[in-house]
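Subject: Structure handover

Hello,

Here is the structure for you to look through. Please open it first, then read the notes below.

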Amino acid sequence: MSWERYGGLRAAIAQLAAQIMYGEGVKQYFTAKRIAAKRLLGQTGARGLRYRPRDLPSNGEIKEALLTLAEEIEGEARTRKLFAMRIEALEAMQELEPFFPRLIGSVATGHVRSGSDIDLHVFAHDEEDVVTHVRTLGWTHDVQRVSIMKHGRAMDFTHILVPDVFPIELTVYAPRELGIRPRSSTDGKPITRLKSSVLRTLIAREHPDEWTRYLADGEVPGLEEYLDLEDEES
């Protein structure tokens, strides 16, 4: 089978992996690229072929394909959604100031897509202090504790999941981690991690009109459509 029309096998896998992540809820690049490769090479005429490691796209290539797909499907609605998510993140961070919240992920970088949530790092000597604070705020939440292998050793993490129009996920770190930026699984570079003052400046720069309206009357353009959608689905 010829893949030239798709830019080669590598590009074809990247495009299908992006579609799988966008439409099927697969969150890991590692998983999406392998599902895509198996599907493509399982098509008629390609059953005898096998992919080699160099045929697999990088996480960065899939990310670019994913962003292009999201922009094509969502258009201007994506910009409105990004603003609404950043405002929700900012308001949540203001409530979490005792724990030095930092915004990471797609809402920080602007690369939101269908299924994106708000990811916040918070810092405390005792995770129960964060849980108690969230409970005091009256936020509905669920606490999950997970263990993952990182740098060759098992590491435990506490996640606090807060359902909302845009779900919020808090990950609790020790205060000593505040000055250490984890590296991205996409490109290996330090992740984007914003404190509330930097997020406020970012919103004012990238969403000037919407920010002005928000400051004037608390209106969040784009939020109502998601509230309406939530009502229809409930």
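Start with one definition: buried means under 20% relative accessible area, exposed means over 50%, and partly exposed lies in between (1.4 Å probe, protein chains only).

Two notes on the source. This is a predicted model, in which local features need pLDDT of at least 70, side-chain atom pairs count only at pLDDT 80 or more, and totals for chains, interfaces and linings use all residues. Residues are numbered from 1 along each chain as its sequence is written, and side-chain values use heavy atoms, with hydrogens and water left out.

**Aromatic rings**

Searching the whole structure gives 3 aromatic pairs. Rings of Phe, Tyr and Trp (its six-membered ring) pair if their centres lie within 6.5 Å; planes under 30 degrees apart are stacked, over 60 edge-to-face, and the rest tilted.

Take Phe157 and Tyr173. Their ring centres are 5.7 Å apart and their planes stand at 70°, so this pair is edge-to-face. Phe157 is in strand β4 (residues 153-162) and Tyr173 in strand β5 (residues 168-173), 16 residues apart. Strands are DSSP runs of E, at least two residues; helices are runs of H or I, at least four; both are numbered from the N terminus. Phe157 is buried at 9%. Tyr173, at 16%, is buried too.

Now Trp211 and Tyr214. Their centres are 5.6 Å apart with planes at 25°, so the pair is stacked. Both sit in helix α8 (residues 208-217), 3 residues apart, or about one turn of the helix. Trp211 is buried at 10%, and Tyr214 is buried at 15%.

**A charge over a ring**

The charged end of Arg34 sits over the ring of Phe30, 3.8 Å from its centre. The rule: NZ of Lys or CZ of Arg is within 6 Å of the ring centre and within 35 degrees of the ring normal. Arg34 belongs to helix α2 (residues 29-41). Arg34 is partly exposed, at 26%.

**Two packed helices**

Helix α3 (residues 59-74) packs on helix α4 (residues 76-95) at about 105°, axes 6 Å apart. Axes are lines fitted to C-alpha atoms, for helices over the stretch in contact, and angles run from 0 to 180 degrees between N-to-C directions. α3 and α4 are therefore roughly perpendicular (65 to 115 degrees; under 35 is roughly parallel, over 145 roughly antiparallel, the rest oblique). Leu67, Ala70, Glu71 and Glu74 of α3 meet Glu76, Ala77 and Arg78 of α4. Contact here means heavy atoms within 4.5 Å.

Best wishes
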